[in-house]
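Let's take a friendly walk through this structure together.

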Amino acid sequence: MNDAPDTTGLLEAYAAGTTSPLAAVDEALTRLAAAHEALNCTIRFLGDRARTAARASERRWADGTARPLEGVPFGVKDVIDVAGVPTTHGSWNHGDEPATTSATVVRRLEEAGAIPVSKDGTTEFAVGGPHPPRFGAVRNPWDPERWAGGSSTGSAAAVAARAVPFALGTDVGGSVRLPSAWCGLTGLKPTAGAIPRTGVFPLSWTTETVGPLARSARDVERLFAVLRGPDGADPRSGPLPPHDPVDRDDLTGLRIAVPGGAFTELCDTAVRAGVEHLVDELVAAGAEVVPGEVPSAGDALPIGYQVVFTEAATLHRVDAARWDTYDPVVVKRISQGIVTPAVDYLRALQFRVELQRELDVVFADADLLVVPTCPSTAPRLPDGTVVVGGQEYPLYAAQSRSTMLGNLTGAPGLAVPTGLAPDGCPVSAQLVAAPHGEATALWAARVFQARTAHHRQAPPSAS
């Protein structure tokens, strides 16, 4: 199979009449089947539903009523409801009954014309390890001996394998950005509350967001415009400031900070080189590097886990009688949450405010932070270890060192592919903006991607 078009390319092909929504959906389902056989990325194929929607999209293109995403197929992480389809949460314990309504994010995409074609693999309840007992590990398209990354693992693998142009994921400590980084994608964790979570199985009310995984910043920008805004049901999703995409091809006036400290202490040489490459390109396009450090960044990961595990324990405690069928990683994590003293949880929430204030200081003089998305290339299976500077480390000691910052503070983060490491796997940098500064991060990424071709590199399995 040849490389498939991305979202923007597919819409252009529809407008030119060189392909049709039904042909694109059929090809997506064919590619998904092949990707699933190789990578174990799909929990459920939505073929009949998708083909029916594709025929309706063809009529809209024919009569001139095509909507912004008319006929574009996409995948859905299986903690997000699609009406009429079971949501398994990657677990034996849930998902036998079809969802009665679609999540707000799915409904908005469908109202814009997009077509869900799959429910994608996830770690159990989006908090488990790489080997969920019900469905097993999702392998990485760049190297099937590695993990695609969690917890939006199937979504990332399907997009990277060129089976679908984009997919929906969720992000509690990096679960959109980490698999995006390890699979060579552009993935957005939006500002807390910018995208409603209604119809998404909850994990952490403090840190959880929903976001898109795609191949380019221009596609993510298109998707974010459809997904953002309150729905009147998610209490954390309220009125938002205007989202004004920056329509410029240069970065004159953009100020970027490149903090060190905890962001680079445990970070592979290839990842750091990718960050430097991104900074060099942004500067060449007109950006200015300014000072900026986050002194408490090193505490964000352990304290963020404390918040997430405690809130997850609150949600899962009612199912304690069934924990013997849970992924042992899930049990370990919610058990940690159950024994967390209230004073420690409350102190963690206070640390969150202090960390927000540190970011406020940085963003008084900078528009973006540029940091590694994660410190290594994709983890090796079966143990899920990562290699940094030639030394092996446990996955959870390293993976969310940079991403948890955005989950605790609510700031948006955009993972951007910056090339390939010597091991042949992608590396990534993260653009962190002030709350509701997604347009700035997307602008910088779009300019970077116009100057480079990293986001267009496809894994061998995609052909």
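## Overall shape

For a chain of 463 residues, a compact globule would have a radius of gyration near 23 Å, and the protein chain has 20 Å, which agrees. Please keep in mind that this is a predicted model. Along its principal axes, the C-alpha trace spans about 60 × 55 × 45 Å.

Taking contacts between residues at least 6 apart in sequence, 79% join residues at least 24 apart.

How much of the protein chain counts as buried? Of its 463 residues, 62% do. The accessible surface of the protein chain comes to about 16,300 Å², and carbon and sulfur atoms account for 53% of that surface.

## Where two helices cross

Two packed helices are described by the angle between their axes and by the distance between those axes. Here, helix α9 covers residues 269–284 and helix α15 covers residues 438–451. Their axes come within 10 Å and cross at roughly 95 degrees. Angles of 65 to 115 degrees count as roughly perpendicular, so α9 and α15 are roughly perpendicular to each other.

Which residues make the contact? From α9 come His277, Leu278, Glu281, Leu282 and Ala284, while α15 brings Ala444, Phe448 and Arg451. Sorted by class, the contact of α9 with α15 has five nonpolar residues, one polar residue and two charged residues.

Definitions and conventions. Residues numbered from 1 in each chain as written. Predicted model: local features only at pLDDT ≥ 70, side-chain atom pairs only at ≥ 80, totals over all residues. Heavy atoms only, no water. Axes fitted to C-alpha atoms, helices over the stretch in contact; angles between N-to-C directions. Helix = DSSP H or I, 4+ residues; strand = E, 2+ residues; numbered from the N terminus. Parallel < 35°, antiparallel > 145°, perpendicular 65-115°, else oblique. Contact = heavy atoms within 4.5 Å. Nonpolar A, V, L, I, M, F, W, Y, C, P; charged D, E, K, R; others polar. Rg over C-alpha atoms; globule rule 2.2 N^0.38 Å. Buried < 20%, exposed > 50% of the residue type's maximum accessible area, 1.4 Å probe, protein only. Areas by Shrake-Rupley, 256 points an atom, 1.4 Å probe, with all protein chains shown as cover.
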